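Student: I have a structure open and would like to learn how to read it. Can we go through it feature by feature?

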Amino acid sequence: VSTQSTGRRREEERKREEDKRRREQERLRELERVQKEEEERERKAREEEEERVREQNQRNHRISTNGDAFEVKAVYSFKTNDANELPFKKGSLLTVTEVIDENWYFGTFGSRSGIFPTSYVTPLNPPPPSQIIEEVARDDTFNRSGEESEDSTNYQDCELFVAQYNYQPKNTDELELLRGDLIEVIERCDDGWFVGTSQRTEQFGTFPGNYVKLHAEQPGDV
């Protein structure tokens, strides 16, 4: 009898231990399920927030390129954790759809979109002049007939620039550019246009400043 009682006690203890382990495993599985559900909720919340930010970016006030999107190539890698910004690696090709200001573009890279610094990329093709024209009175600094207004504060000594792209004038006061032309610039206007004289044609006029870059040698350099 004693042996049978001892056997029953051991069997009961074994069952209790098994029940205990089973309950612990169920508790752990439940905790794991709750944790996964929480992670999934957080993931969805992040995606919704990123989508909200993208939509907000599209509604923000930016200078439109009037549908003339253009491609740029990354000359540096751009790393960021900001949901508003678009990270990329050096050599990546991006599409600029809008220009925020002279320092920031808005564009796409693959399936992503966001803002990124203009200094990190270079245009593959000449950007449309319309992107740098703001709705400001150009007469405030230059009346496009060659006369400088009295309150202009942008007049500078002559600077030498070299044309990076061809540009065909759209108005009679604009200057034709051919790639490689040297231009003596006397003024950089607030709206992104420059005023100067072409050494090739000796014509004087205005032209988009993003079609040229500063020449390595400047007037007066020894």
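This is a predicted model: local features need pLDDT of at least 70, side-chain atom pairs count only at pLDDT 80 or more; totals for chains, interfaces and linings use all residues.

**Reading the model**

Tutor: Begin with the order of elements.

Student: How many helices and strands does the protein have?

Tutor: The protein has 1 helix and 11 strands.

Student: Next, the whole chain. What share of the residues counts as buried?

Tutor: Buried means under 20% relative accessible area. Of the 222 residues, 32% count as buried. The protein exposes about 14900 Å². Carbon and sulfur atoms supply 45% of that area.

Student: What share of the contacts joins residues 24 or more positions apart?

Tutor: Take the contacts with a separation of 6 or more. Residues 24 or more positions apart account for 53% of them.

Student: Now a single residue. Is S198 buried or exposed?

Tutor: S198 lies in strand β9, residues 193–198. S198 has a relative accessible area of 1%, so it counts as buried. Its contacts beyond four places in sequence are L175, D181, L182, I183 and Q203.

Student: What does the side chain of S198 reach at 3.2 Å?

Tutor: It reaches the backbone nitrogen of R200.

Student: D181 was among the contacts of S198. Where is D181 placed?

Tutor: D181 sits in the loop between β7 (155–163) and β8 (182–188). D181 counts as buried because its relative accessibility is 6%. Neighbours within four places aside, D181 is in contact with F161, V162, A163, E176, S198 and R200.

Student: Which residue has a positive phi although it is not a glycine?

Tutor: Most residues other than glycine have a negative phi. In this model, E202 has a positive phi of about 60°. E202 is found in the loop between β9 and β10 (204–208). Its relative accessibility is 67%, so E202 counts as exposed.

Student: How far apart are V99 and I115 in sequence and in space?

Tutor: Read both separations together. V99 and I115 are 16 residues apart in sequence. From C-alpha to C-alpha, they are 9.1 Å apart in space. V99 lies in strand β3, residues 93–99. At 5% relative accessibility, V99 is buried.

Student: Last, the pockets. Which residues lie nearest the centre of the second largest pocket?

Tutor: Read a pocket by its volume and its lining. The second largest pocket has a volume of about 170 Å³. It is lined by 10 residues. E50, D82, A83, E85 and R112 lie nearest its centre. The elements that give two or more residues to this lining are α1 (2–59) and β5 (112–117).

Key: Residues are numbered from 1 along each chain as its sequence is written. Side-chain values use heavy atoms; hydrogens and water are left out. Helices (H or I, at least four residues) and strands (E, at least two) are DSSP runs, numbered from the N terminus. Buried means under 20% relative accessible area, exposed over 50%, partly exposed in between (1.4 Å probe, protein chains only). A polar contact is a pair of N or O atoms within 3.5 Å; within protein, one must be able to donate a hydrogen and the other to accept it, and residues adjacent in sequence count only if both atoms are side-chain atoms. Contact means heavy atoms within 4.5 Å. Accessible areas come from the Shrake-Rupley method with a 1.4 Å probe; for residues, only the protein chains shown count as cover. On a 1 Å grid over the protein atoms alone, a cavity is a set of points where a 1.4 Å probe fits but cannot get out, and a pocket is an open set with protein on both sides within 12 Å along at least five of seven lines; lining residues have an atom within 4 Å of a point. Grid points are joined across faces, edges and corners, and a volume is the space filled by probe spheres set on the points.
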